[in-house]
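Colleague: Please take me through this model, and for each label set the value against the definition behind it.

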Amino acid sequence: SSFFWRIAGWKTFLPALLMYFVFGGYIMPQGAKQFEALIGKKVEILDLRFFYSPDKARSIISEYTDASRSFAIQFGLMADTVYPVAYTFLFLIITSWIFKALSAYGIGYRHLHLFPLIILPVDYFENISIATMMKTYPAITDANAYVATFFTSLKWTLVIILALITISALLMLIVKRFSKAH
C-alpha cells in the first residue's frame, strides 16, 4: 500500500499511461483485427460484453473459425495476460496519486487505492473461462459459460466501480484544492 503511495507521481504515471496506450490503443486492437481477418467478418467478442447466456456464448463462438479460436487462445495467453497488468498498474498509480493528495486534507481512504488489484485476478479468471469455451467448442457446457459470464460481468462491474471511485476522489480533490485557494 505505501509502496504505491511512494511511487505515485508524474515519473510513474507517464510510463504507465504509455504502456496502457501501447496495449489498449495498438496491441489489443491489432489482435482484434487479426482475429476478425481469420473469420472474414466483424464478430462479437465475449469479454467486451457485459453478460451472455450459454446459448449466446455458443452462438457467438459458432461464428468463429478453428483458426480464429486458436488465435484467440494464443493471443489471450500473451497479450491479454499483460494488458490487465498495464491497466491495473495505471489505475494503481492514478488512485494512489489522488488519495495521497487527499490525505493532505485529512481525507483518509488509505487502502482504497488498491481497489484495481481486485480486477486483475477477475480478468484472468474471465480469460481462462473464455479460453476454455474456445478450446472445448462445440462441447461448451452451461457451467463453463455461466462461470465465464460471471467473471465478465464482475469485471465490468468492478471497472465501473473503479471509475466511480476515481472520478469521485478526483472531484473531491478539485473541490478541496479550489476551496483552499479561495
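Colleague: Which are Lys-155 and Glu-126, buried or exposed?

Modeller: Both Lys-155 and Glu-126 are buried, a label given to residues under 20% relative accessible area, while exposed stands for over 50% and partly exposed for what lies in between (1.4 Å probe, protein chains only). The model is a predicted one, in which local features need pLDDT of at least 70 and side-chain atom pairs count only at pLDDT 80 or more, although totals for chains, interfaces and linings use all residues. Residues are numbered from 1 along each chain as its sequence is written, and side-chain values use heavy atoms, with hydrogens and water left out.

Colleague: What makes Lys-155 and Glu-126 a salt bridge?

Modeller: The term requires a side-chain nitrogen of Lys or Arg within 4 Å of a carboxyl oxygen of Asp or Glu, and the side chains of Lys-155 and Glu-126 meet at 3.0 Å, N to O. This pair links distant parts of the chain, with Lys-155 in helix α6 and Glu-126 in helix α5, 29 residues apart. Salt bridges with shared partners also join Glu-44, Arg-49 and Lys-56 into one network, and a search of the whole structure gives eight salt bridges.

Colleague: What other salt bridge does Arg-58 form?

Modeller: Arg-58 also forms one with Asp-142, where the closest N and O atoms are 2.4 Å apart. Since Arg-58 lies in helix α3 and Asp-142 in helix α6, the pair ties together parts that are 84 residues apart in sequence. Asp-142, at 39% relative accessibility, counts as partly exposed.

Colleague: How many helices and strands do you assign?

Modeller: The protein chain comes to six helices and zero strands, where helices (H or I, at least four residues) and strands (E, at least two) are DSSP runs numbered from the N terminus.

Colleague: Why is Trp-5 called buried?

Modeller: Trp-5 is called buried because its relative accessibility is 11%. Trp-5 sits in helix α1 (residues 2-7) and, leaving out residues up to four places away in sequence, touches Ser-96, Phe-99, Lys-100, Ser-103, Arg-110 and His-113; contact here means heavy atoms within 4.5 Å.

Colleague: Which residues touch the most other members of the largest nonpolar core?

Modeller: They are Leu-46, Tyr-52, Tyr-64, Leu-102, Ile-130 and Met-133, in a core of 44 residues. The helices α2 (10-39), α3 (54-62), α4 (66-103), α5 (116-136) and α6 (142-181) each supply at least two of the residues, and the largest share, 14 residues, comes from α4. Such a core is a set of buried Ala, Val, Leu, Ile, Met, Phe, Trp, Tyr and Cys residues joined through side-chain atoms within 4.5 Å. Tyr-64 has among its contacts Phe-35, Ile-39, Val-43 and Met-134, not counting residues up to four places away in sequence.

Colleague: What makes Phe-50 partly exposed, and which nonpolar patch is it part of?

Modeller: Phe-50 is partly exposed because its relative accessible area is 44%, and its place is in the loop between α2 and α3. Phe-50, Phe-51, Ile-160 and Leu-164 form a surface patch with about 410 Å² of accessible area together. Patches take residues with over 30% relative accessible area and no salt bridge, joining like charges within 9 Å and nonpolar side chains (Val, Leu, Ile, Met, Phe, Trp, Tyr) within 5 Å.

Colleague: What links Tyr-20, Phe-21, Tyr-83 and Tyr-87?

Modeller: Ring pairs link these four into a cluster, and the structure holds eleven aromatic pairs. Rings of Phe, Tyr and Trp (its six-membered ring) pair if their centres lie within 6.5 Å, with planes under 30 degrees apart called stacked, over 60 edge-to-face and the rest tilted.

Colleague: Which peptide bond is cis, with omega near 10°?

Modeller: That is the bond from Tyr-137 to Pro-138, and Pro-138 is found in the loop between α5 and α6. Most peptide bonds are trans.

Key: Areas by Shrake-Rupley, 256 points an atom, 1.4 Å probe, with all protein chains shown as cover.
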